[in-house]
Amino acid sequence: MTKSDRVHEKVDRNAAVIARRAEGLTLDAIGLEFDISRGRVRQIIRRAVECRIERLSEASEQYLAGIRADIQGEIDENQ
């Protein structure tokens, strides 16, 4: 198994962990299913949430930048 294969395997596992948590399974139940510790399950979920928050923050900032540009354009037109 190559390093790339192992990375893809972990990405797939992490996605499955997140999906199982979204289904309402406890951290302990998920850990048992995937043979990982409860703490590792918590880390996987926390990192996924942090990444999601970061993406939303970036998207919000881009959206607000567009609004600011529109407002500035209107101000410039009215002067």
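E33 is found in helix α2; helices here are DSSP runs of H or I with at least four residues, numbered from the N terminus. The model is predicted, so local features need pLDDT of at least 70 and side-chain atom pairs count only at pLDDT 80 or more, while totals for chains, interfaces and linings use all residues. Residues are numbered from 1 along each chain as its sequence is written, and side-chain values use heavy atoms, leaving out hydrogens and water.

E33 counts as partly exposed because its relative accessibility is 42%. Buried means under 20% relative accessible area, exposed means over 50%, and partly exposed lies in between (1.4 Å probe, protein chains only). Leaving aside neighbours within four places in sequence, E33 is in contact with R20 and L25. Contact means heavy atoms within 4.5 Å. The C-alpha atoms of E33 and L64 are separated by 42 Å. Along the chain, these two are 31 residues apart.

**Salt bridges**

A salt bridge is a side-chain nitrogen of Lys or Arg within 4 Å of a carboxyl oxygen of Asp or Glu. By this rule the count is five. The table gives three of them, including the pair made by E33 and R20.

| Pair | N to O distance |
|---|---|
| E33 and R20 | 3.0 Å |
| R38 and D28 | 3.7 Å |
| E61 and R68 | 3.1 Å |

R38 sits in helix α3 and D28 in helix α2, ten residues apart. R20, E23 and E33 are linked in a network of salt bridges. R20 is partly exposed, at 26% relative accessible area.

**Helix α1**

Helix α1 covers residues 3-22, 20 residues in total. From first C-alpha to last, α1 reaches 29 Å, close to the expected 28 Å. The expected span is 1.5 Å times one less than the number of residues. Just after α1, G24 takes a positive phi of about 105 degrees.

**Core and surface**

The largest nonpolar core has seven residues: V17, L27, I30, I36, V41, I44 and I45. Such a core is a set of buried Ala, Val, Leu, Ile, Met, Phe, Trp, Tyr and Cys residues joined through side-chain atoms within 4.5 Å. Helices α2 (27-34) and α3 (38-77) each give two or more residues to this core. The largest share, three residues, comes from α3. Not counting residues up to four places away in sequence, I45 touches V17, R21 and L27.

Y63 lies in helix α3. Y63 counts as exposed because its relative accessibility is 59%.
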